[in-house]
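Work through the exercises below with the model open beside you, and try each task before reading its solution.

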Amino acid sequence: MNAPAEQVTWAATETRLLSGWYATGRPADLTDHLRRHGSPPVTAARGNHRSRPLIRALEAAGLTGRGGAGFPTAEKLRAVAAGRGRPVVVVNAMESEPASHKDRFLLAVAPHLVLDGAVLAAEAIGADSVHLCVPRGSSAQYWQLRRAVDERRAACLDEVDLRPHALPHAYVSSESTSLVRWLNGGEARPLGTPPRSHERGVGRRPTLVHNAETLAHLALIARYGPGWFRQAGTPDEPGTTLVTVSGAVAAPGVLEVALGTPLATVLDRAGGAVEPLRAVLLGGFAGTWLAAEHLGTPLTRYDLARLGAAPGAGVLVALPRAACGLTETARILAYLAAHSAGQCGPCRFGLPAVADDFAALAAGQADAFLLSRLRRRTGLLPDRGACRHPDGAARLAASALECFADDVDHHLTHGTCPGARRPPRLSVPAATPPETWR
């Protein structure tokens, strides 16, 4: 396996998922993994199905999902275990958020932590199969995962069936119902109607869909216990989390930090800002712009909620003061509009309209009614789609209008600001629709 490019500074007391990588500088094969962590513990599903000690341990640990929603992990397992029929586990490593690389990095350097977590979750709820979903556009990642699965099969390590899959890599294809729909033979587009996946998902069976990082934390909690897990983070939001830091920092890459770490400290661990900062994009393309004055805010859902933000997919992008936040936002919105599933009104009509309005604002070509029209259209997007894709786009647009209010006024009255005429600073894919959904 080739070593990933993201090599960053770290704090040893907060490094758990990436401890093997930092200790050796090489990806961990099965031998390395077992030498560091030992064999996976035996779960209740191999003995008494009803006691489910792993679910109780996860509840005591306070582990929440690291894929964006932050839902309590124990509750998800318990809901699937209570369903009718033999459950299924789906590992979501699609990572369709362009600014995030944490799951790809984790699977490259510590694949067996993720696979341990998936197998342990399956055993805890009585599942007999695990579907491992990665993006089709990254063949190297798929074959790395296949090699890790083959290692485990050769060692006769697992009692459940591990099945790698490569799915179309559109922005919304990482939504949990998109994975279920594709695994059932359909397109990798979200489903907006009941039943929910935990009730009837893959093969009409109760289905647990979890992010790759979440399952890696689960594997460590199963080994070391909830008390150990709570030694990092805050009492209300314990543990560590992976963050992809990019933009105007000296050492962009993937960091593991304790929840509660101030945003400024996260940037410092990525080498620090290389230019004076105007703002940071938190959570990814469906996230929130925060002015640089808020960099002292701790990285917790509670503290960020007071600013209308959330950790999201674990993304932190530093925007320099010399850049134009409106221009960068317009590029992101164009990409989000192109990568919608196109299944409902907000994505087919509302999101393109918002993207077009924002492009006009960024280009200094606004008419007298643009700002009021843009605010009205942005307000109509949330809670109307088959999935949360339009909600994220609306959140991004609204936060940009607030964070870059001075630039909005300049673009409306004087045309583009100097930053708008400089080269783009964020890495945004081309705004072209996906080639295939199947």
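**Exercise 1.** Which backbone nitrogen does the side chain of glutamate 256 reach at 3.1 Å?

*Solution.* Before starting, note that this is a predicted model, in which local features need pLDDT of at least 70 and side-chain atom pairs count only at pLDDT 80 or more, while totals for chains, interfaces and linings use all residues. Residues are numbered from 1 along each chain as its sequence is written, and side-chain values use heavy atoms, with hydrogens and water left out.

Begin by locating glutamate 256, which sits in strand β6, residues 253-258 (strands are DSSP runs of E, at least two residues, numbered from the N terminus). The side chain of glutamate 256 reaches the backbone nitrogen of leucine 17 at 3.1 Å. Then look at leucine 18, whose backbone nitrogen lies 3.1 Å from a polar atom of the side chain of glutamate 256.

**Exercise 2.** Is glutamate 256 buried or exposed, and which side chain of opposite charge is nearest?

*Solution.* Glutamate 256 is buried (under 20% relative accessible area, with a 1.4 Å probe and protein chains only). Next, look for a partner: glutamate 256 has no salt bridge, and the nearest side chain of opposite charge, that of arginine 16, is 5.8 Å away (a salt bridge needs a side-chain nitrogen of Lys or Arg within 4 Å of a carboxyl oxygen of Asp or Glu). Finally, leaving aside neighbours within four places in sequence, the contacts of glutamate 256 include Thr15, Arg16, Thr240 and Leu242 (contact means heavy atoms within 4.5 Å).

**Exercise 3.** Where is leucine 426 placed, and what is its relative accessible area?

*Solution.* Leucine 426 lies in the segment after α17, residues 405-414. With a relative accessible area of 7%, leucine 426 is buried. Not counting residues up to four places away in sequence, leucine 426 touches Leu319, Trp289 and Ile332, among others.

Key. Helix = DSSP H or I, 4+ residues; strand = E, 2+ residues; numbered from the N terminus. Buried < 20%, exposed > 50% of the residue type's maximum accessible area, 1.4 Å probe, protein only. Lys, Arg positive; Asp, Glu negative; His and termini not counted. Polar contact = N/O pair within 3.5 Å; in protein donor to acceptor, adjacent residues only side chain to side chain.
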